[in-house]
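Me: I would like to go through this chain with you. Could we begin with its contacts?

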Amino acid sequence: MLSEYEWQAILLSLKVSTIAVIISLPFGILMAWLLVRVRFPGKSLLDSIIHLPLVLPPVVVGYLLLISMGRRGFIGEWLYNWFGFSFTFSWRGAALASAVVAFPLMVRAIRLALEAVDQRMEQAARTLGASPLRVFFTITLPLSMPGIIAGIVLAFARSLGEFGATITFVSNIPGETRTIPLAMYTLIETPGAEMDAARLCVIAIILALVSLMASEWLTRWGRKRLGGVC
């Protein structure tokens with residue numbers, strides 16, 4: 001049986017990962033669309049910035065979040081003074097850290113799906129009088145749905161495993177920011193808690209495997225719905 005400590009970490013991880021994905025998705029679709037469909041100066045720079053969390057140490061990402069979105073950060077201080085809203089030492093900060101770290105994976109998956117969409121279909125719809133917004137929601141978005149689903153699940157799985165940026169940005173607070181990786185770190189540092197840490201490790205592996213299998217299944221399902229070949 002899982003202890004209350006373990007259930008707390010699992011439920012908090014699921015909550016943080018879900019919210020991170022929900023927050024990221026609109027921006028992920030927008031950034032992927034800009035990178036695929038729009039030509040503008042600085043496009044390569046934007047692409048590099050989006051993918052920067054993939055190559056930066058997570059601690060660096062957490063530090064950048066701390067100095068920008070923390071209570072005394074140049075954005076976080078403004079949010080707190082005007083709206084009383086703070087990311088510091090809360091699950092909201094953990095969700096933000098997870099969203100930032102997982103964002104490049106989401107954008108990459110969606111971008112690949114958008115690149116595979118036949119633009120002749122979009123052009124035909126515009127020729128028939130459809131507005132760009134209607135073309136996007138009725139043709140582009142449905143055709144890229146398998147990639148969007150894959151991006152969602154990959155981002156969710158990455159968020160479940162986020163550690164470095166979270167502990168740097170919002171610390172390791174029980175019931176508030178202590179997700180599965182942080183709970184494992186605490187148990188590893190606690191004498192005699194090796195079995196508890198191993199149990200959480202197994203749970204983390206299972207959740208990751210389920211996420212990846214769900215991604216594969218949903219992608220195949222989406223292709224079938226669109227008449228693709230599995």
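Me: What share of the contacts with a separation of 6 or more joins residues 24 or more positions apart?
Reply: Such residues account for 69% of those contacts in the chain, a contact being heavy atoms within 4.5 Å. Please note that this is a predicted model, in which local features need pLDDT of at least 70 and side-chain atom pairs count only at pLDDT 80 or more, while totals for chains, interfaces and linings use all residues. Residues are numbered from 1 along each chain as its sequence is written, and side-chain values use heavy atoms, with hydrogens and water left out.

Me: How many helices and strands are there?
Reply: The chain has 11 helices and zero strands. Both are DSSP runs numbered from the N terminus, with helices being H or I of at least four residues and strands E of at least two.

Me: What are the box dimensions, and how much is buried?
Reply: Along the principal axes, the C-alpha atoms fill a box of roughly 70 × 45 × 30 Å. Of the 230 residues in the chain, 42% are buried. Buried means under 20% relative accessible area, exposed over 50%, and partly exposed in between, with a 1.4 Å probe and protein chains only.

Me: Which residues does UniProt list as a domain?
Reply: The unreviewed entry gives residues 10-218 as "domain: ABC transmembrane type-1". UniProt positions are in the numbering used here, feature names are shortened, and annotations may be inferred rather than shown by experiment. In the model, residues 10-218 are 79% helix and 0% strand, with end C-alpha atoms 23 Å apart.

Me: Where does the record place "transmembrane region"?
Reply: The unreviewed UniProt entry puts that annotation on residues 12-36, 48-69, 89-114, 135-157 and 197-218. Residues 48-69 are 91% helix and 0% strand, and their end C-alpha atoms are 21 Å apart. For residues 89-114 the figures are 92% helix and 0% strand, with 37 Å between the end C-alpha atoms.

Me: Turning to H7 and H8, how do their axes cross?
Reply: The axes of H7 (residues 132-143) and H8 (residues 145-160) come within 5 Å and cross at roughly 60°. Axes are lines fitted to C-alpha atoms, for helices over the stretch in contact, and angles run from 0 to 180 degrees between N-to-C directions. The two helices are therefore oblique to each other; under 35 degrees counts as roughly parallel, over 145 as roughly antiparallel, 65 to 115 as roughly perpendicular and the rest as oblique.

Me: Which residues make that contact?
Reply: Leu 141, Pro 142 and Leu 143 of H7 meet Met 145, Pro 146 and Ile 148 of H8.

Me: How many aromatic pairs does the whole structure contain?
Reply: The search finds four. Rings of Phe, Tyr and Trp (its six-membered ring) pair if their centres lie within 6.5 Å; planes under 30 degrees apart count as stacked, over 60 as edge-to-face and the rest as tilted. One of the pairs is Phe 136 with Phe 137, which is edge-to-face at 5.2 Å centre to centre and 85° between the planes. Phe 136 is buried, at 17% relative accessible area.

Me: What about Phe 163 and Tyr 185?
Reply: That pair is tilted, with 5.5 Å centre to centre and 55° between the planes. Phe 163 lies in the loop between H8 and H9 (164-170) and Tyr 185 in H10 (residues 180-188), so the pair ties together parts that are 22 residues apart in sequence. Phe 163 is partly exposed at 29% relative accessibility, and Tyr 185 is partly exposed at 39%.

Me: Finally, is Arg 134 buried or exposed?
Reply: Arg 134 belongs to H7 and is exposed, with a relative accessible area of 56%.
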